[in-house]
Amino acid sequence: MTNGRHPAPRPGFVLDVDRNTPPILFHHGPGFRLEKLPAGRSRVIYPAEPLEGLPDPEAAIRHALLNPLGDSAPLPALLRPGMKLTIAFDDISLPLPPMRRPDIRQRVIEAVLDLAADAGVDDVHLIAALAIHRRMTEDELRHAVGDRVYDAFAPKGLLYNLDAEDPDGMVILGETPHGEDVHFCRRAAESDLVVYVNINLVSMDGGHKSTATGLAGYTGLRHHHNVHTLRNSKSLMDRKNSALHASNWRMGSVIRDAGVKIFQIETTVNNDTFGREGPLALLQKREWEWTGRDRAQFLAMRTGLDVLPSNTRRKIFDTWQAPYQMTSVQAGEVEAVHEVTTDNVYAQQLVPVEGQTDVLTMGLPYICPYNVNSIMNPILVMCLGLGYFFNLYRGRPLVREGGVLVMSHPTPWEFHPVHHPSYIDFFEQVLADTTDPVEIERRYEKQFAEDEWYIHLYRTSYAYHGVHPFYMWYWGSHALEHLGRVIIVGGDPAAVRRLGFQPASTLSDALEMASDVVGPQPTITHMKNPPLLMADVT
Amino acid sequence: MKALRFRRNLPRYAAARLAGSLTPGRGATVGPLELVDLDPPAEPGPDWVRVRPRLSGICGSDLATVDGRSARYFEPLVSFPFVPGHEVVGDLDDDQRVVLEPVLGCASRNITPACAACTDGRLGNCEHTTFGDLSPGIQTGSCHDTGGGWATAFHAHPSQLHPVPDGLSDEAAVMVEPTACGVHAAFTARVPDDGVVAVLGAGTLGLVTIAALRAHTTPRTIVATARYPDQRRLADELGADLVVAPDEVRRAVRRAAGTRAIGGNGQGPEGDVDRLTGGADTVIDCVGSSSSLTDALAIARPGGRIVLLGMPAVVELELTPLWHRELELVGSYTYGTEALPDGSTARTFDLAFDLVTRADLGRLVTATYPLARYREALQHAASAGSRGAVKVAFDLRDERERNAR
């Protein structure tokens with residue numbers, strides 16, 4: 001659908017690199033590189049252009065609430081005076097980068113609260129469903145839900161972050177047939193209705209994972225956030241072939257059977273990550289379409305960034321808010337809603353790709369789900385590359401088994417002590433010992449998960465839970481098992497080696513090193529991401 | 001005979017201090033140490049015997065002397081000129097191989113009755129190191145009258161000598177003396193069963209201490225710091241559970257002890273680790289610097305024990321945690337007699353002989369030099385860690401050199 005504001009968006013596509021192909025822009029943390037790919041054996045996967053957003057988001061939201069999918073009554077029919085209503089919503093990890101105000105969560109929550117007020121519901125809690133992520137700050141919560149909602153609920157203690165380590169605040173709802181404990185937020189479990197407000201940035205998000213993971217703690221998460229499950233999630237972006245999702249779906253059944261009524265509201269956004277206009281617009285243009293002004297702007301931007309200290313560069317990027325537009329909203333029964341949501345994510349992101357490649361290259365940007373307003377430490381670099389981008393496929397991995405992954409990122413040996421205290425120990429002590437996910441899980445996970453200081457910092461400060469770096473490592477365990485070698489271009493050599501990867505100064509060095517593994521003249525595929533794309537590999 | 005002699009020479013001492021501060025070990029080039037031909041020393045007493053060194057080690061205290069970093073504390077406790085060298089395996093005139101226990105206590109000084117410490121077998125605590133028949137000197141290697149190990153010959157009192165079993169190599173035997181220091185520190189540490197102990201430094205002393213802790217105590221976790229890859233590997237092989245870089249030790253001990261931390265001196269971000277609220281039961285500081293002692297005070301639990309094994313000089317230290325956390329700070333100097341868990345006692349050297357054999361500590365001798373190349377030897381020893389070495393020693397087994405008069 002178009003509304004005449006922009007030309008019809010072009011779909012994603014695969015470019016075969018020839019001699020006339022200009023250098024390709026690679027993200028490189030808070031900076032960029034222009035890389036010339038070998039002609040005749042390289043290809044570049046470009047994301048689709050941004051789909052048009054819904055012209056009237058408020059109307060679309062209201063329509064979804066009144067016309068639910070699946071076996072669900074319209075939301076007003078589920079609301080009554082005297083009931084307990086809990087509204088849970090996605091945390092700071094979505095969307096990426098944070099979107100411009102008003103955030104989708106604010107729009108949806110305001111609509112839900114209007115209906116609740118109309119129905120006379122006065123026992124309402126709003127919970128950031130962050131599982132074992134760090135708590136959101138007041139500013140971050142205000143950004144997500146809006147000042148009006150924040151001021152109405154937070155001062156009374158009715159808007160808060162989940163505390164998955166509060167022994168009185170969590171319950172076990174039961175066990176799946178596979179023996180998985182279903183750990184759940186007590187307030188949500190004891191509510192007459194849980195409304196979940198989601199932003200589905202990638203196809204991994206949403207569905208039963210919203211509540212079975214977002215409202216759980218370590219006791220429940222350990223059943224699917226583990227090496228075995230993640231090695232059998234091929235990919236974790238493809239729900240129907242993901243053991244991670246199968247476990248969450250089993251848990252969803254237990255939650256439902258325990259009498260927890262969930263009204264799921266899922267939304268999708270387009271991939272207008274950097275804007276059609278403005279200083280970063282050229283990041284979502286195709287290089288051969290750059291104008292002279294674009295090239296001058298890029299050179300000025302890169303030169304300016306190069307002379308800035310890394311923390312200043314980071315702060316500049318942290319101020320960027322994406323002009324995302326909502327492309328769909330659907331509400332009702334969890335599974336019915338999620339089927340439609342996934343189709344809408346695919347409509348924006350899926351790009352057909354024929355065949356695998358020997359070498360997969362990617363430029364990693366400055367942000368991932370776990371360093372919003374923070375530092376992209378080396379473990380997060382690994383997770384973004386091997387956990388997220390590698391898994392952005394359906395069918396087969398983009399790179400063949402035994403192939404090489406080349407990532408571009410500065411990979412500084414740097415950590416945010418408030419947000420990632422256990423990451424520092426994981427990097428200094430665990431990875432210094434072994435990078436094998438199975439060994440790491442067996443020997444170290446429990447100690448970190450039960451470390452009293454990490455738990456204290458998670459509950460009272462703004463720290464990710466002690467076990468979180470393990471999950472980052474497990475997220476990449478499918479890729480680690482699949483790949484023959486991982487090379488990072490332009491990274492801190494010591495940090496790269498600590499990850500168990502190889503450092504390279506330039507892409508051409510990296511490709512030469514890769515040929516040791518995959519042979520001379522390998523095929524190369526560059527995944528030009530972000531804006532986000534997902535490869536449909538046949 | 002040939003010997004490396006250290007004279008009292010203040011200008012050269014100052015030059016050594018300057019050179020050593022620029023390049024560790026460089027004090028050997030410009031300082032008071034010189035290679036000389038000497039007449040064989042007179043026997044200090046009727047019972048004394050001649051020892052012809054085979055291997056003679058270079059230790060941290062020797063390097064401090066050569067580089068002019070020794071504390072002035074020692075000035076009245078030595079007698080000039082002296083021949084350094086106290087880690088020695090050598091031959092007696094009847095070809096019996098011996099290891100030297102270098103402390104010069106009441107027995108070697110011919111003092112009767114012996115002081116209380118010597119009577120108890122605590123030779124390192126001898127109260128008479130400046131008295132008796134010998135010139136001042138706490139050990140062979142700092143006493144003018146006895147000579148020292150960095151020579152083709154010196155004299156030793158029979159009470160200082162331990163026969164070397166036939167199967168023990170010279171390299172293993174020369175490690176007995178430093179190993180005895182580690183064994184003594186392990187006993188001094190009073191490590192509680194299932195406790196957490198941190199060993200700061202993985203040079204020779206740190207490594208032998210780790211081996212001694214593993215042999216004679218039963219901690220839950222030994223955390224060690226190591227600056228260089230080979231040190232890290234050896235610390236791991238000798239029994240450390242966790243080996244980290246020195247600047248990572250606070251976080252490592254926090255995790256091992258399962259305690260909380262205070263960040264940024266109370267001003268910094270939460271999640272930073274400036275000091276621990278609990279910590280290690282015992283910290284053994286094998287470095288002895290301001291930095292290592294500050295780390296020790298930051299990671300020892302309240303009521304914990306810090307053992308200072310590395311030789312310090314003048315250090316700058318915030319002692320408030322010692323007071324506030326009621327920490328014990330105790331020195332560990334040399335060796336003597338140890339009280340074993342079963343109530344019996346044993347000489348530290350006997351335990352060290354056993355540990356050297358069991359832990360194959362002879363492998364720590366990684367480079368040897370003839371006396372003539374003493375400048376290279378001392379510079380190598382001063383940068384041993386970064387050059388992949390642990391113990392550097394003089395090799396005096398060359399017959400021409402040994403028999404030169």
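Predicted model: local features only at pLDDT ≥ 70, side-chain atom pairs only at ≥ 80, totals over all residues.
Domain 1 of chain B is made of two segments, 2–177 and 356–403. Domain 2 of chain B covers residues 190–331. The two domains touch. Domain 1 of chain B gives 16 residues to the contact, and domain 2 of chain B gives 16 residues. On the domain 1 side, helix α3 (residues 60–66) of chain B gives the most, with three residues. By class, this side of domain 1 of chain B has seven nonpolar, six polar and three charged residues.

Helix α18 of chain A spans residues 468–475. Eight of its eight residues are buried, so helix α18 is largely enclosed by the rest of the structure. Among these buried residues are A:F470, A:Y471, A:W473 and A:W475. A:H468, A:P469, A:M472 and A:Y474 are buried too. The buried residues of α18 pack against α9 (227–231), α14 (378–389), α15 (421–433), α16 (437–449) and α19 (477–482) of chain A.

Helix α19 of chain A holds A:H478. A:H478 has 25 C-beta neighbours inside 10 Å, so this residue counts as buried; the cut-off is 20 or more. Leaving aside residues up to four places away in sequence, A:H478 touches A:L230, A:R231, A:S233, A:K234 and A:N391. A:P437 is 41 residues from A:H478 in sequence. In space, the C-alpha atoms of A:H478 and A:P437 are 9.9 Å apart.

Key: Residues numbered from 1 in each chain as written. Chains lettered and ligands numbered in written order. Buried ≥ 20, exposed ≤ 12 C-beta atoms within 10 Å, placed from the backbone. Helix = DSSP H or I, 4+ residues; strand = E, 2+ residues; numbered from the N terminus. Contact = placed C-beta atoms within 7 Å. Domains from an automatic or database assignment. Nonpolar A, V, L, I, M, F, W, Y, C, P; charged D, E, K, R; others polar.
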